Amino acid sequence: MESLPRIDFVELHDLDRTPPVLRTLHTESIAFIYRLTDAAREYSVPLSLALRLGASHRIVDLCAGSGGPVPLIQRRLHREGVHTQVTLTDLVPNVRAFQRVQAANARVLPDCCSVDYESSSVDATDCALEGTRTIYGAFHHFPPALAVRMLQNAVDTRQPMVVVDTKRSFVYPLLFPFLTTLMVLISAPFQRNPLPRYLLRLVLTYLVPVLPFMMFFDSVVSFLRMYGRAELQRMVDGLSGTETFTWKIGVVPGFTGAQYLIGVPR
Ligand SMILES: C[S@@+](CC[C@H](N)C(=O)[O-])C[C@H]1O[C@@H](n2cnc3c(N)ncnc32)[C@H](O)[C@@H]1O
């Protein structure tokens, strides 16, 4: 499948018409799935590699949704003796979710590791914040021209970049949408929210199953529009100033199929 063309179709939670509360409930489900699974173990590998290549330990997480996997990766790295300071950002920041993640990590991590967040909108393709930029599970949202703009922005501002998404394979669109949807169905009662949102989640999961449908649909579309390694390589080759960065493209062995693109200024 690596050689098949990428199929670009829109995800429901990306539509302008999608009510913000639905987008929030959806990205909260994604963050909850990260907590249920041990994805952070494999997802931490590319960031760890970038840090060993000299990337800054100050992390700016782009497209963080409702927190995503980076706070869990931070805990994992801390257990390995690697200390990071994380800033969560998004085009539409979910400040309440960011605050919850900040408090949760502060409870279990010492001062050497912190989480903060940017409460104003940060566009991943035009970012001015300093630090190692990470983007987990969201690079495929960007069509090639915008994906290139994001990478070029990192090169122009001389900030390291760590892109982690799923590798292209038939297995993921055929299997993962069922798993993620099942997790949405099972996890709804256990996701903590203020009471009105908690009830809304239950209604939109079991009575009018908008959230499971959204997870299934968006998962299928996501896996069909993942970038292959050859496409990532072409993007990198076409960047102006690409030779001033060390680039690495690879896949972490394991269940998640985590594919990475790392760029660190020389
Ligand atoms: C799949 S979701 C969450 C991804 C998150 N990293 C995770 O793993 O849970 C994708 C996120 O990308 C954000 N997004 C979309 N376009 C963006 C842009 N141009 N700049 C920054 N964030 C963007 C959306 O608001 C959404 O929260």
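**Strands, helices and the ligand shell**

Colleague: Which residue in β7 is the bridge partner of valine 251?

Modeller: This is a predicted model, in which local features need pLDDT of at least 70 and side-chain atom pairs count only at pLDDT 80 or more, while totals for chains, interfaces and linings use all residues. Residues are numbered from 1 along each chain as its sequence is written. Strands (E, at least two residues) and helices (H or I, at least four residues) are DSSP runs, numbered from the N terminus. Within β7, the bridge partner of valine 251 is glutamine 259.

Colleague: How many residues lie between β6 and β7 in their hairpin?

Modeller: Two strands pair if DSSP finds at least two bridges between them, and seven bridges join β6 to β7, which run antiparallel. In the turn of the hairpin, glycine 254 has a positive phi of about 140°. The number of residues between β6 and β7 is six.

Colleague: In what order do the seven strands of the open sheet stand?

Modeller: Strands of a sheet pair through backbone hydrogen bonds, either parallel or antiparallel. Here the pairing is mixed, and the seven strands of this open sheet stand in the order β3-β2-β1-β4-β5-β7-β6.

Colleague: And which are the edge strands of this sheet?

Modeller: An edge strand here pairs on one side only. The two strands in this position, covering residues 114-117 and 245-251, are β3 and β6.

Colleague: What angle does the direction of helix α9 make with that of β6?

Modeller: Axes are lines fitted to C-alpha atoms, for helices over the stretch in contact, and angles run from 0 to 180 degrees between N-to-C directions. Helix α9 (residues 229-237) packs on the sheet and touches β6 and β7 (258-265), where contact asks for C-beta atoms, placed from the backbone, within 7 Å. The angle between the directions of α9 and β6 is about 175°.

Colleague: How many charged residues does the contact of α2 with α3 have?

Modeller: Helix α2 (residues 39-52) and helix α3 (residues 70-79) pack at an angle of about 75°, with their axes 9 Å apart, which means that α2 is roughly perpendicular to α3 (angles under 35 degrees count as roughly parallel, over 145 as roughly antiparallel, 65 to 115 as roughly perpendicular and the rest as oblique). The residues that meet include Tyr43 and Leu47 in α2, and Leu72 and Arg76 in α3. Asp, Glu, Lys and Arg count as charged, Ala, Val, Leu, Ile, Met, Phe, Trp, Tyr, Cys and Pro as nonpolar, and the others, Gly among them, as polar. By class, this contact has six nonpolar residues, two polar ones, and a number of charged residues that is two.

Colleague: Which residues of α6 meet those of α1?

Modeller: Helix α6 (residues 171-187) and α1 pack at an angle of about 95°, with their axes 10 Å apart, and they are therefore roughly perpendicular to each other. From α1 come Ser29, Phe32, Ile33 and Leu36, and they meet, in α6, Thr180, Met183, Val184 and Ser187.

Colleague: Which helix gives the most residues to the shell around the ligand?

Modeller: The ligand has 19 residues around it, of which Cys63, Gly65, Gly68, Leu91 and Ala124 come nearest (a residue is near if its C-beta atom, placed from the backbone, lies within 6 Å). By class, the shell divides into 11 nonpolar, six polar and two charged residues. With three residues, spanning 20-36 in the chain, the helix that gives the most is α1.

Methods: Two residues are in contact if their C-beta atoms, placed from the backbone, lie within 7 Å.
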